[in-house]
Amino acid sequence: RCFVPTSPAPRPHLSRRAPRCGPPALEPPLHATVRALGARRAAMSVQPVRVMCRDGRRIATLRPGLLNTVDDMREVVHVLAGDFGGAGCALVYGGRQLEASETVQSLNLPNDAVLLAVGADEVHFLAGGVGLEEVKSRSPVGAEGEIQVSIVQTGGAPLARLHVSAERTAGDLVEVLCSAAGVPSGHLLLSMNGRVLRDSVSLSVAGVHDGAVLTAIRYPTVVLAGAYQDGQVMLFSTESGHCESSYTTSESAVMSIDFSTDGLFIVTGCMDGSASLWSVEQGKMEQRVWSSGGAIVAVACSANGTFIATGSFDRSAHLWDVAQGVRIRSLAGHRGTVSAVAFSLDGKAVSTGSEDGTCKVWKCSSTARGAEATLRGHRGTITAARFSPDARLVATASVDKVAIIWSVDQEAALHILRGHRGTVCSVCFSPDGSTLATGSQDSSVMAWDVPTGELLARLEGHSLTLKVRSLAFSPGGTQLASGSEDGTIRLWNIGDGSCERVLRGGGDSVYSLVFAPWRPRA
């Protein structure tokens, strides 16, 4: 095997204990370890492959043969860069740790490919395949006004350190990161201090200064948040099945959760009577309000991020100003616990479902008076209510074992969905509005055709006799998540009805689920 050096100039000596990121390129191999690699020549050489360390400095520029392996390159890098720790050196490309036996030919590396060299025990990955890529050499650098910007993952782990002109845009940085990580550029957003940076705005205008720390958020983000009876909120990657982060929001059960539209915050409603706004980036509480009527059993965040809606044991629902943490309107009129709240996708309306068997639709306005519509037809407590994506329909679930699809304008039931053998605990529209999912006390999940009301599928797998309390469609509509009192979250394939993955938290009942939103890039 042979590595053809990019520079013909020989070097008299190369110490195995060379600085970790020292030599800028691989010279003709005089060191015994390097010489050993030339014992068997590869059939052909390919374009140069650059190897970088995590701080963005170049270790080597290699020109390996097509039949050389990742292990061959690793040996050379280890010699040139020094000790990588007891576990040795690992090479990362496109967010993936390369296998030792893979050949250069099988990798099909593009021109100007950049590999990341780290200690094998230091390899970490951002959920969804965006790896730790230090790409200083590929960052857009301006002649004047250059600043250093650090990029971190949502959990705070370092992702990259870039030197860039302040006149570059956030979109330029996204392109650099995605190019190095091998993912489409539409899959990342950058935020600073809880604010998403618009792609088209320059860093200087956006207030990004020298030394600023930005957070990379993956979109379409496939992150699922689950709320548990023990007060925990857990964020799962549906791609890996791993819990990415978790935090205790209350000493009592978290009854309901929702994401803000930018995915940066989670709002929680708890049995202790509190509704809280949590930063996903930092995992800390940013705002908290208290209900005067006891437990908050339902919460929702408006599409524009302006309002939070809560439903309580005291028969009332409230609209809260997110920024100020103050109540701006009480939605009074129910004669029982308000057990369900939901905003329309356009943010213009909010629905409330109650123990009194009715669902009311209200305008999202601090000056509006009374409900715009009252939907009557259930013979027991309404346990869940959701708007269709176009806000023309509302679906409700009830202890009377049926779900109903309503026309908001006509205040009439379009379809009464029968088939569950117990309380219907949850409902959820697919993103395109064509399918409605229902979850029940009988442990099953059903999928219904919205235009006709026909049953499409029955999904079973949760523990018998334990409620399916919550449902959520993924932003792309290809997966349905169901959370049960058996402590598991199941991810169902909408195409064939199979269970793709089972997510397990701490063992307590799953009370509420929500996917992080997938929002068009600004």
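Here's a quick tour of a few residues and pairings in this structure. The model is predicted. Its one aromatic pair is a stacked one, made by Tyr247 and Trp278. On the sulfur side, the disulfide count is 0.

**The aromatic pair**

- The count of aromatic pairs comes to 1.
- Tyr247 and Trp278 have ring centres 5.2 Å apart and planes at 25 degrees; planes under 30 degrees apart count as stacked, so this pair gets that label.
- Tyr247 sits in strand β15 (residues 243-248) and Trp278 in strand β18 (residues 274-279), so the pairing ties together parts that are 31 residues apart in sequence.
- Both Tyr247 and Trp278 are buried.

**Around Gln232**

- You'll find Gln232 in strand β14, which covers residues 232-237.
- Its relative accessibility is 18%, and the cut-off for buried is under 20%, so Gln232 counts as buried.
- Setting aside neighbours within four places in sequence, Gln232 is in contact with Gly226, Ala227, Ser246, Tyr247, Thr248 and Val254.
- That list includes Tyr247, the residue whose ring stacks with Trp278.

**Around His462**

- His462 is a loop residue, placed between β35 (455-459) and β36 (468-473).
- Once neighbours within four places in sequence are left out, the residues touching His462 are Ser443, Val468, Ser482, Ser484, Asp486, Thr488 and Arg490.

**Ala160**

- Ala160 belongs to strand β9 (residues 158-165).
- With a relative accessible area of 5%, Ala160 is buried.
- Ala160 and Leu214 are 54 residues apart in sequence, and their C-alpha atoms are 9.8 Å apart in space.

**Cysteines**

- The structure holds 0 disulfides.
- Cys359 has 0% relative accessibility and counts as buried.
- Cys499, at 30% relative accessibility, counts as partly exposed.

Key
Residues are numbered from 1 along each chain as its sequence is written. This is a predicted model: local features need pLDDT of at least 70, side-chain atom pairs count only at pLDDT 80 or more; totals for chains, interfaces and linings use all residues. Side-chain values use heavy atoms; hydrogens and water are left out. Rings of Phe, Tyr and Trp (its six-membered ring) pair if their centres lie within 6.5 Å; planes under 30 degrees apart count as stacked, over 60 as edge-to-face and the rest as tilted. Helices (H or I, at least four residues) and strands (E, at least two) are DSSP runs, numbered from the N terminus. Buried means under 20% relative accessible area, exposed over 50%, partly exposed in between (1.4 Å probe, protein chains only). Contact means heavy atoms within 4.5 Å. A disulfide is a pair of cysteine sulfur atoms within 2.5 Å.
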